[in-house]
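The exercises below are meant to be worked with the sequence and the 3D structure open side by side. Try each task before reading its solution.

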Amino acid sequence: MTATLTERRPRSRTGRTGATPTGTSRTGTSAWTPWLYLLPALAVLGALLVYPVYQLGLISFLEYTQAQVSGGEPTSFQGLGNYTALFTDPQFRQVLLATVVFAAACVAGTLAVGCALAVLLTRVRALPRLALMLAALGAWATPAVTGSTVWVFLFDADFGPVNKLLGLGDFSWTYGRYSAFALVLLEVVWCSFPFVMVTVYAGIRAVPTEILEAAALDGASQWRIWRTVTAPLLRPILAVVTIQSVIWDFKVFTQIYVMTNGGGIAGQNLVLNVYAYQQAFASSQYSLGAAIGVVMLLILLAVTLVYLRVLRRQGEDL
Amino acid sequence: MTAFRVRRPGRLLAEAAALLTAVVVAFPLYWMVLSAFKPAGEIQSTEPRPWTLSPSLDSFRRVFEQQDFGRYFLNSLLVATAVVLASAVVAFLAATAVTRFRFRFRTTILVMFLVAQMVPVEALTIPLFFLMRDAGLLNTLGSLVLPHLAFSLPFAIWMLRGFVRAVPEALEEQARIDGASHARFLWTILFPLVLPGLVATSVFSFISTWNDFLFAKSFLISDTSQSTLPMALLVFFKPDENDWGGIMAGSTVMTVPVLVFFVLVQRRLVSGLGGAVKD
């Protein structure tokens with residue numbers, strides 16, 4: 001475990017042995033210094049992230065309900081019992097499917113809107129650009145809870161301006177399963193497209209103008225330039241924002257919870273996160289909730305591995 | 001892109017589209033603030049108008065008097081500030097370790113930080129609940145500070161790496177030659193230089209903590225004096241009789257600090273984020 005401050009340091013030190021007394025130059029750093037600096041972070045993460053993940057896995061293999069929590073009954077090992085129960089439960093499979101489809105729709109919507117507006121930003125002068133940027137920053141900064149309350153109010157059957165504007169009368173968006181999902185989707189896209197827009201816009205601006213000019217001089221159409229020059233250069237950035245969006249949208253909790261009042265009528269709008277919460281804290285089925293958590297963890301871990309491979313392929317050194 | 005000959009009508013069309021989009025995107029926030037200031041009669045009107053001729057503070061008054069919103073606001077602020085300060089120091093030290101030193105398991109640790117970002121924190125509510133119960137922290141603000149500190153750290157470290165790396169090594173060399181200890185270099189030279197990056201990072205810690213609703217809902221079960229804003233807000237949701245004026249006033253109170261914070265650090269945020277994405 002040899003720690004040197006940088007690769008260059010030892011060399012420069014030997015280069016200056018005459019000027020600096022070598023004995024005192026290693027002030028305060030030793031092989032343990034980086035570990036000392038890492039200690040607080042590792043301690044916090046170990047206690048509040050790694051240990052809970054381990055506990056989550058453990059609970060998912062036990063029978064752990066209100067009786068065990070209060071100490072009335074001993075905990076018993078269930079093996080894969082909770083997982084079998086989960087995957088034979090039609091509601092869980094429905095929730096899993098809904099989560100995947102909903103997250104996919106959110107990602108697609110966020111990316112489409114974000115990229116389209118990023119391109120739009122490159123086509124306009126400073127003032128409209130500033131207006132759009134500020135509006136997007138506002139949406140970005142809005143807390144998920146208040147974003148949710150505002151969107152529910154906007155689409156309220158009685159007092160909302162949207163139904164009035166669209167002439168929908170007292171149509172209730174949260175009553176039907178798909179309209180409720182659509183409403184949440186709109187809110188999610190609204191609060192997550194700014195990240196994509198700002199990032200992709202920065203990426204487009206980083207494309208060298210000479211290449212674009214050369215292509216334009218060669219008579220390429222705008223669409224052709226976008227498809228053959230800009231898009232390939234943007235691919236790494238697009239990969240990163242896509243995977244970030246997948247990770248965020250797969251974990252949506254607050255929006256569903258607030259907008260559909262805890263998962264919709266008869267649980268029609270449940271997604272995994274909300275379902276796990278309801279199982280654990282509403283029905284005291286802690287072990288089932290933990291098993292759902294493990295399933296989510298594994299799915300997101302798979303996405304993360306893809307993310308890492310993308311980073312690697314871009315030749316990132318960590 | 002200025003060298004591009006964009007046809008004028010095309011650009012005007014694009015600018016009209018950009019402005020229209022800006023209006024649509026900003027509309028929910030406008031409506032929130034507007035509704036917060038509308039008198040009760042106008043909110044409960046089935047003919048909603050996009051303006052009000054008689055703004056009133058009734059909704060705000062109701063929120064602060066009935067719900068003790070001031071207290072919840074302070075609680076939220078306290079939790080978020082504690083997380084921001086603690087995570088800034090801890091993340092700064094960790095980011096320094098992984099960028100300015102070469103040591104065994106360095107890459108492993110970096111990958112761990114990346115993987116840690118992906119953990120769905122909501123899934124950990126169950127084990128954290130038991131952990132907080134055993135530590136006697138249920139119903140205290142500490143039960144919110146600790147998990148949020150843990151969850152904001154990996155991303156903060158990941159983002160700070162770029163800022164720490166950007167500080168030239170010559171400075172470190174110089175400080176060493178001048179006889180400064182490494183700790184001194186760390187806190188009097190490196191820390192101030194990395195501060196802009198810390199600010200950008202803090203926005204994310206602040207927002208995720210300020211927004212938190214699940215942990216507050218799960219860990220602050222019986223002591224409502226320890227409530228934070230999101231939970232207090234939901235009190236105004238009643239089946240079929242939502243107090244929309246109260247909800248919008250509360251939402252405004254909760255959103256404005258974040259908006260202000262965001263606009264203040266906006267430039268650093270975008271550059272910081274660019275760095276994080278490129279890294």
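**Exercise 1: the domains of chain B**

In this predicted model, chain B falls into two parts, domain 1 (8-56) and domain 2 (69-278). Task: find how far apart the C-alpha centres of domain 1 and domain 2 of chain B lie, and which helix supplies the largest share of the side of domain 1 of chain B that touches domain 2 of chain B.

Solution. Begin with the centres: those of domain 1 of chain B and domain 2 of chain B, taken over C-alpha atoms, are 32 Å apart. Next, list the contact, in which seven residues of domain 1 of chain B meet six residues of domain 2 of chain B. On the domain 1 side, helix H1 (8-37) and helix H2 (40-43) of chain B each contribute at least two residues, and the largest share, four residues, belongs to H1(B). Sorted by class, that side of domain 1 of chain B holds five nonpolar residues, one polar and one charged.

**Exercise 2: the domains of chain A**

Task: for domain 1 (53-88 + 289-318) and domain 2 (96-284) of chain A, determine how many residues each domain gives to the contact.

Solution. The C-alpha centres of these two domains of chain A are separated by 28 Å, and the contact draws 12 residues from domain 1 of chain A and 13 residues from domain 2 of chain A. Within the domain 1 side, H14(A) provides the largest share, with nine residues; by class, this side divides into seven nonpolar, five polar and no charged residues.

**Exercise 3: a helix pair in chain A**

Task: decide how helix H11 (residues 222-250) and helix H14 (residues 286-313) of chain A run relative to each other, given that their axes come within 10 Å.

Solution. First take the crossing angle, which is roughly 170°. Because angles over 145 degrees count as roughly antiparallel, H11(A) is roughly antiparallel to H14(A). Then identify the residues that meet: Ala239, Ile243, Val246, Ile247 and Phe250 of chain A in H11(A) face Leu300, Val303, Val306, Tyr307 and Val310 of chain A in H14(A). The residues of this contact comprise 10 nonpolar, no polar and no charged.

How values were computed: Residues are numbered from 1 along each chain as its sequence is written. Chains are lettered from A and ligands numbered from 1 in the order in which they are written. This is a predicted model: local features need pLDDT of at least 70, side-chain atom pairs count only at pLDDT 80 or more; totals for chains, interfaces and linings use all residues. Axes are lines fitted to C-alpha atoms, for helices over the stretch in contact, and angles run from 0 to 180 degrees between N-to-C directions. Angles under 35 degrees count as roughly parallel, over 145 as roughly antiparallel, 65 to 115 as roughly perpendicular and the rest as oblique. Two residues are in contact if their C-beta atoms, placed from the backbone, lie within 7 Å. Ala, Val, Leu, Ile, Met, Phe, Trp, Tyr, Cys and Pro count as nonpolar, Asp, Glu, Lys and Arg as charged, and the others, Gly among them, as polar. Domain bounds come from an automatic or database domain assignment.
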